[in-house]
Amino acid sequence: MNLSREEIANLIRDLQGKILITTHKNPDGDAIGSSLGWYNYLKRLGKNVKVIYRDRIPFFFDFLPGVEEIDVTEEITEEFDWVIITDVSEPKRTGFENIPAKKSIVIDHHITAEPFTDYSIVEPEISSTCELSYEIMKLIDPTLIEYPVALSIYTGIVTDTGSFSYNNTSPRTHTVAAELIEKGINPYLVTKKIYERNRINRFKLLEVVLKTLDFAVENKVAHITLFKRFLEETGAYPEESEGFINYPRSIMGVEVAVFFKEIEQDNWKVSLRSKGKVNVAEVAKKLGGGGHKMAAGFEAKGSLKEIKEKLFQELELALESAEFEKIGN
Ligand code: 5GP
Ligand code: MN
């Protein structure tokens, strides 16, 4: 059941029993920020709350309050009364086969979201799950948005908006950020923690990944590839490839950037970024994934060659229809 902000605020205010908070696998800033934001907030509301993830947390989020209390596990064995799932549009994105909770709530901002829990709030237009969470927290009790909550929320907004640079950044996003800064957030501290602690291994990885740069669909698609062996060769962590996709996207004339990441042999994670003409969420959806208009992704089994063929065909169609629409106008 889809709820309004007021309804979800009332529901969360009155939650009883053991509450689990989780998010999507390979958690990013919005996933971690929103889940820890809620964790710190609900503790202040006097709730019994625990955070569990499927995948480990990238080291550059180690400064977020409560991060050391997160459990990372393949399977959730403990029973809960409620689960709050943030930044997740479909059950398989949590990475868990089963979440043992009597009732469930989703707080999310993905276009492709279809309700899969008892209660949900999904606002595809909002910058981030963190911004949405902040609005709900304000309705419950704004005085509980203390520094640890504010820091988590601010971090997720920064990462999901590309430091307030993407189109999902609204006037309201800036107002929320301003309110968080008024609560003591130091913007440069967040920037330094997330973006200015690069290890040399990251640059070694970037070097080999950029060597794979190639083009498709009349140079409108630029793609890079991370083979698993690159990680061993450079000693980089998988999460240290975060942001690499911005290089192919930044090339003049390129409309869509693609990043192929080998998880295991014949098992790939594909990230898509658009410059605006192509709705990459639609393309990702056709291939079993989802996301946002400008940033989306999917997982694919098979050889890289097969995955490329299928994807480039879809991207060609999407680019053609984008051109057609332009002529139609
Ligand atoms: P990234 O490329 O940074 O992993 O993800 C970009 C966006 O695409 C994220 O907002 C995420 O929601 C979405 N996304 C990435 N991978 C998947 C996927 O496998 N399934 C779905 N449904 N969405 C994905
Ligand atoms: Mn998000």
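This section describes the domain arrangement, the salt bridges and the surroundings of selected residues in a predicted model.

The protein is divided into two domains, with domain 1 spanning residues 5–195 and domain 2 spanning residues 200–328. Thirteen residues of domain 1 and 15 residues of domain 2 take part in the contact. Taken over C-alpha atoms, the centres of domain 1 and domain 2 lie 27 Å apart. About 1200 Å² of area is buried between domain 1 and domain 2, and carbon and sulfur atoms contribute 52% of this area.

Polar interactions were also examined across the boundary. Two salt bridges are found across the interface of domain 1 and domain 2. On the side of domain 1 that touches domain 2, the residues comprise five nonpolar, four polar and four charged. Five residue pairs are in polar contact between domain 1 and domain 2, counting pairs with both residues at pLDDT 80 or more. A salt bridge joins the side chains of E239 and R56, with an N to O distance of 2.7 Å.

Over the whole structure, the search returns 22 salt bridges. In the salt bridge between K18 and E78, the closest N and O atoms are 3.0 Å apart. This pair connects distant parts of the chain, 60 residues apart: K18 belongs to strand β1 (residues 18–22), whereas E78 is in the loop between β3 (71–72) and β4 (80–86). K18 is partly exposed, with a relative accessible area of 28%, and E78 is likewise classed as partly exposed, at 29% relative accessibility. Both K18 and E78 belong to a network of salt bridges that also links K50 and D71.

E314 pairs with K286, the closest N and O atoms being separated by 3.3 Å. The salt bridge of E309 with K305 has its closest N and O atoms 3.6 Å apart. Both E309 and K305 are located in helix α11, with a spacing of four residues, or about one turn of the helix. K305 is exposed as well, at a relative accessible area of 62%.

G17 occupies the loop between α1 (5–13) and β1. With a relative accessibility of 40%, G17 is partly exposed. Apart from neighbours within four places in sequence, G17 is in contact with N48 and D81. The C-alpha atom of G17 is 8.7 Å from that of V49, a residue 32 positions away along the chain.

T23 lies in the loop between β1 and α2 (29–44). The relative accessible area of T23 is 1%, so this residue is classed as buried. The side chain of T23 comes to 2.8 Å from the backbone oxygen of T86. T86 is also among the residues touched by T23 when those up to four places away in sequence are not counted; the others are A31, S35, Y53, D87, V88, R93 and T94.

S127 is likewise a loop residue, placed between β6 (119–122) and α3 (129–140). Its relative accessible area is 1%, and S127 is therefore buried, the limit for this class being under 20%. A polar contact of 2.6 Å connects the side chain of S127 with the side chain of E131. When residues up to four places away in sequence are left out, S127 touches H109, I157, D160, T161, N168 and T173.

Key:
Residues are numbered from 1 along each chain as its sequence is written. Chains are lettered from A and ligands numbered from 1 in the order in which they are written. This is a predicted model: local features need pLDDT of at least 70, side-chain atom pairs count only at pLDDT 80 or more; totals for chains, interfaces and linings use all residues. Side-chain values use heavy atoms; hydrogens and water are left out. Domain bounds come from an automatic or database domain assignment. Contact means heavy atoms within 4.5 Å. Buried area is the accessible area (1.4 Å probe) that two parts lose on being put together, summed over both. A salt bridge is a side-chain nitrogen of Lys or Arg within 4 Å of a carboxyl oxygen of Asp or Glu. A polar contact is a pair of N or O atoms within 3.5 Å; within protein, one must be able to donate a hydrogen and the other to accept it, and residues adjacent in sequence count only if both atoms are side-chain atoms. Ala, Val, Leu, Ile, Met, Phe, Trp, Tyr, Cys and Pro count as nonpolar, Asp, Glu, Lys and Arg as charged, and the others, Gly among them, as polar. Helices (H or I, at least four residues) and strands (E, at least two) are DSSP runs, numbered from the N terminus. Buried means under 20% relative accessible area, exposed over 50%, partly exposed in between (1.4 Å probe, protein chains only).
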